[in-house]
Structures are given as C-alpha cells and as structure tokens.
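Visitor: I have a structure to look at and have not seen it before. Please show me how to read its features one by one.

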Amino acid sequence: MDVFGLLGNPVGHSLSPPMHETAYDELGLEARYVTFEPEPDDIGAAITGADALEIAGLNVTIPFKQAALEHVEPDELAARIGAVNTIDFSGSGPPTGHNTDAVGALRSLRNHGVTIEGARAVVVGAGGAGRAIAFGLADAGATVTVANRTESKARDLAAAVPDATGRGLEDLEPLLADADVLVNATSVGMEEDASPVPADALHGDLAVLDAVYQPLETRLLRDAAAVGATTVDGAWMLLYQGVEAFELWTGLDAPVEAMNETLRAQL
Ligand code: NAP
C-alpha cells in the first residue's frame with residue numbers, strides 16, 4: 001500500500017483526497033491519500049518523518065509551501081519560484097521538491113485553446129500562486145506583467161521573472177487593453193462577490209483564468225463571460241496541479257476525466 005498525502009494547516013476542507021483516491025481506484029492502485037496538519041514550526045520534522053515512514057509523496061499547501069523548500073532538493077523551477085507544492089520521496093537521495101501550480105495554470109489555459117507562446121499576460125497578485133503562475137507563463141513564452149495591490153511586491157517578482165514588468169492595480173485598465181491572457185492570483189472573489197479587476201477593463205479577446213475555485217463562478221469570471229472573453233475557472237488549475245503531482249509520483253498517465261468529475265462533484 002502506497003501512502004500519499006497533503007501537508008497543510010488547516011487541511012480539513014481539502015478537495016485533494018477524493019480527487020487522488022479516484023485516480024487510484026480508476027487505475028487499480030493500492031494507495032491512499034491522507035491529510036496531515038503539523039504545527040507551523042514542525043514542517044522540517046514532518047518531511048523527515050514522512051521520508052522515514054516511506055510515505056511515497058506529499059502535496060504541500062498553506063502555510064508550508066515556502067518553508068518546505070528548505071527541507072527538500074528543489075527542482076530548478078521550484079527553486080526559482082521559491083515554493084514547493086509537491087514532494088517526491090521515491091529516489092534514494094533526499095526528497096525532491098516540485099511546484100506543479102505553474103504547470104497546472106498552463107495546462108488549464110491550453111485545455112481551453114489558449115496559446116501561451118507570444119501572449120501578453122497580466123497576472124494579478126504576487127503571492128504564492130502569482131509567483132508560480134508568472135514563472136510558468138514566462139517560461140512558456142508569454143510576456144508577463146504582474147499587477148499587485150502592494151506594488152513593491154509586483155516589482156520584486158517581476159525582477160526575478162524573465163522580461164516581466166511589475167505594476168500597481170491602478171494600471172490594470174491600460175495594461176489589459178493590449179493583453180491576451182489575464183490571471184487572477186489574488187484571493188479576491190473567495191470571501192465576497194468582488195473582483196480585483198474593473199469590469200470595463202475586460203474585453204472579448206482575453207482569456208481569463210481565475211485561480212479562486214470557491215466559488216467556481218467568481219465575479220471576475222462572470223464579468224469576463226459577459227464581454228465574450230474565454231473563461232477558465234480555478235478548479236481546472238487545481239485539477240491539473242493534482243494531475244501533474246500524480247504523474248510525477250506514479251509515472252502513470254492520470255485518469256484526468258475521472259479526477260475532474262470527482263473534484264467538481266465537491267464544488
Ligand atoms: P497569498 O500568497 O496569500 O497571496 C495573496 C495575494 O492576494 C497577494 O498578491 C495579495 O496582495 C492579494 N490580495 C489579497 N487581498 C487583496 C485585496 N483585497 N485586494 C487586492 N489584492 C489582494 O495567497 P496565494 O497562495 O497566492 O493564493 C491566492 C489565491 O489563489 C487563493 O484564492 C488561493 O485559493 C488560490 N490558489 C488556487 C490554486 C488552484 O490550484 N486553483 C492554487 C494556489 C492558490 P498584497 O501582496 O498586496 O497583500
């Protein structure tokens with residue numbers, strides 16, 4: 001029996017266990033996916049302990065994504081992003097750290113017919129999700145502008161991402177006029193029916209990904225659909241970061257449709 005899991009605090013609301021266990025059932029794997037909630041200071045001990053207990057793989061979520069980096073051998077992308085959301089214990093050396101949020105965002109957009117290479121992309125938000133998405137888009141050939149409430153954080157992130165620019169939220173309207181892709185990587189829209197982007201800055205040539213997945217249909221996505229933009233909800237990103245983690249851990253093609261069905265049934 002292989003044990004996979006999630007390290008976070010809190011993790012009670014996580015949608016990952018049923019999504020991953022659907023994949024194990026579909027492929028007939030003897031595996032379980034469980035959640036762990038270590039105290040914030042115990043992340044190093046949790047990773048070392050998981051390795052000793054021969055846990056096969058762990059996802060990592062808030063508040064541990066940055067701190068976990070210090071307790072694993074990060075791959076090049078995770079090291080640049082500065083955060084790990086997937087740990088693989090299968091090698092003989094130290095556990096390796098990966099960031100599948102970046103690929104999750106790219107696969108979500110591509111799955112909706114969006115071309116990333118050569119696109120002008122605006123990422124709103126410069127926290128953990130914003131960092132991963134900005135690096136992912138730039139690596140895939142987009143020109144990235146990061147816009148953030150705290151402009152200095154947007155500038156700091158943009159300085160690390162190839163050919164990127166950092167701006168404040170007040171610049172969104174002119175930035176979006178020329179943009180092809182917009183990603184909301186803030187938490188705005190989760191707690192309240194609000195959008196970080198003025199509705200009249202949106203247009204029909206945009207593809208809009210909202211990383212927020214609760215609710216699925218955010219104010220931003222409603223505004224974007226109203227002007228004829230392509231809309232991609234945050235459950236796609238959540239799905240594909242999980243698909244990437246599953247494939248990295250098992251070396252198998254994930255049963256994407258079944259995982260998607262299980263995920264959406266919970267939302
Ligand atoms: P985080 O590191 O805490 O960053 C939060 C970001 O939101 C910061 O840029 C912050 O700006 C901005 N923000 C917060 N409140 C705001 C407001 N009222 N107005 C404007 N900007 C505001 O969080 P995170 O981990 O990046 O997560 C961000 C969102 O992405 C969450 O909703 C999370 O659920 C979602 N997410 C989804 C997936 C997925 O797979 N779908 C994966 C990861 C994250 P300041 O810097 O100015 O504070």
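Guide: Start with one residue. This is a predicted model, and in it A224 sits in helix α8, which covers residues 219–226.

Visitor: Is A224 buried or exposed?

Guide: Buried means under 20% relative accessible area. A224 has 0% relative accessibility, so it counts as buried.

Visitor: Which residues does A224 touch, leaving out those up to four places away in sequence?

Guide: They are L202, V208, A229 and T231. As for A119, 105 residues from A224 along the chain, its C-alpha atom is 18 Å from that of A224.

Visitor: How do I read a helix?

Guide: An α-helix has 3.6 residues a turn, so residues three or four places apart point the same way.

Visitor: Which residues of α1 are buried?

Guide: S16, P17, M19, H20, T22, A23 and Y24. The elements that cover these buried residues include the strands β1, β2 and β3 and the helices α9 and α10. After α1 comes G28, with a positive phi near 65°.

Visitor: Where are cis peptide bonds found?

Guide: One joins N9 and P10, with omega about 10°. P10 belongs to the loop between β1 and α1. Another runs from Q214 to P215, with omega near 10°, and P215 lies in the loop between β11 and α8.

Visitor: How should I read the chain as a whole?

Guide: Count its elements, then check its overall size. The chain has 10 helices and 12 strands. For 267 residues, a compact globule would have a radius of gyration near 18 Å, and the 18 Å of this chain agrees. The C-alpha trace spans about 55 × 35 × 35 Å along its principal axes. Buried residues make up 51% of the chain.

Visitor: How many positive and negative side chains are there?

Guide: There are 14 positive and 41 negative side chains, and the centres of these two sets are 7 Å apart.

Key. Residues are numbered from 1 along each chain as its sequence is written. This is a predicted model: local features need pLDDT of at least 70, side-chain atom pairs count only at pLDDT 80 or more; totals for chains, interfaces and linings use all residues. Side-chain values use heavy atoms; hydrogens and water are left out. Helices (H or I, at least four residues) and strands (E, at least two) are DSSP runs, numbered from the N terminus. The radius of gyration is taken over C-alpha atoms; the globule rule is 2.2 Å times the number of residues to the power 0.38. Buried means under 20% relative accessible area, exposed over 50%, partly exposed in between (1.4 Å probe, protein chains only). Lys and Arg count as positive and Asp and Glu as negative; His and the chain ends are not counted. The place of a charge is taken as NZ of Lys, CZ of Arg, CG of Asp or CD of Glu. Contact means heavy atoms within 4.5 Å.
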